[in-house]
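Let's take a friendly walk through a protein model. Have the sequence and the 3D view ready as you read.

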Amino acid sequence: MALNILLVGARGRMGQAISKAAVDCDAVILAACDQGDSPEKHIAECDVIIDFSFHEVTPVLAELAAKHGKPMVIGATGHTAEERATVLAAAEKIPMVWAGNFSIGVNVLFHLVGKAAKLLSSEYEPEIIEMHHHSKIDAPSGTAERLIEQVLENRGLTRENVQHGREGNIGARPQNEVGVHAVRGGSIVGDHEVLFAGPFERISLSHHAEDRGIFARGAIRAGHWVLGQTPGVYNMEDVLGLRD
Ligand code: NAD
């Protein structure tokens, strides 16, 4: 049956991407809310609330969702510790999928990179390369940060091992280094590559985002999945069945 979505942040870039993707993902936008609208008006008829608005909005919505017993998918980012605590308290009453990146491909990449980092010995030296459009103001990307974490965790390394870029007479590469490189230019939506350079061979795992529709499709898939789950916070690993 089609998923009835109460969409918050509907006029934003992601909100529009979700509206566009809905028809292909067996979903209907039951109510499209943005600033000035009251989500409570429509909450009783929806199956799930999908939030791609603003960090301040999420805790208010989470409390509303808990009051009405409706599951949530949270895509908005940048929450303060206090906002996170309010959302987590609401998750004791309702299930929610909360993820910083809803792309199915990127989440599979996280998983594969963790596996590769573990399977390959330290002779296979990791270098992470990310590319984004010239307007992106932070580096490395949040997705690259997660890839770094995957390599560190699975190799027993720490942040001390991370090397952002290289310049000058820096000497030979220490084997336990994790190199990170941020490329910026043009209109690149988002490319991530993790290269393991070993003796006489290289393995490369990469993802190329072509459109923000990838996040929209993942969020709607999470919306279908979260129905009927027990209260708590889940992420895309749960949705995609990637937990070992
Ligand atoms: P955007 O600025 O284009 O859209 C945000 C929308 O939220 C706007 O239309 C704005 O009017 C609306 N909004 C603000 N306050 C509101 C309120 N009180 N009630 C209802 N609506 C309100 O931003 P975007 O690029 O669409 O991104 C939205 C959020 O999603 C950001 O936090 C972004 O970081 C995050 N994001 C997450 C993922 C993911 O995969 N998790 C992917 C892309 C973006």
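**The open sheet**

In this predicted model, 5 strands make up an open sheet with mixed pairing, in the order E7-E8-E6-E9-E10. Strands here are DSSP runs of type E with at least two residues, and helices are runs of H or I with at least four, numbered from the N terminus. Two strands count as paired if DSSP finds at least two bridges between them. At the edges sit strand E7 (162-164) and strand E10 (201-209), each pairing on one side only.

Strand E7 and strand E8 (residues 178-184) run parallel, joined by 3 bridges. Look for Val162, which stands opposite Val178 in E8.

**A helix on the sheet**

Helix H5 (residues 142-155) packs on this sheet, touching strand E6 (125-132), E7, E8 and strand E9 (190-198). Touching means contact, with heavy atoms within 4.5 Å.

**How to read the numbers**

Residues are numbered from 1 along each chain as its sequence is written, and side-chain values use heavy atoms, without hydrogens and water. Local features need pLDDT of at least 70 and side-chain atom pairs count only at pLDDT 80 or more, while totals for chains, interfaces and linings use all residues.

Conventions:
Axes are lines fitted to C-alpha atoms, for helices over the stretch in contact, and angles run from 0 to 180 degrees between N-to-C directions.
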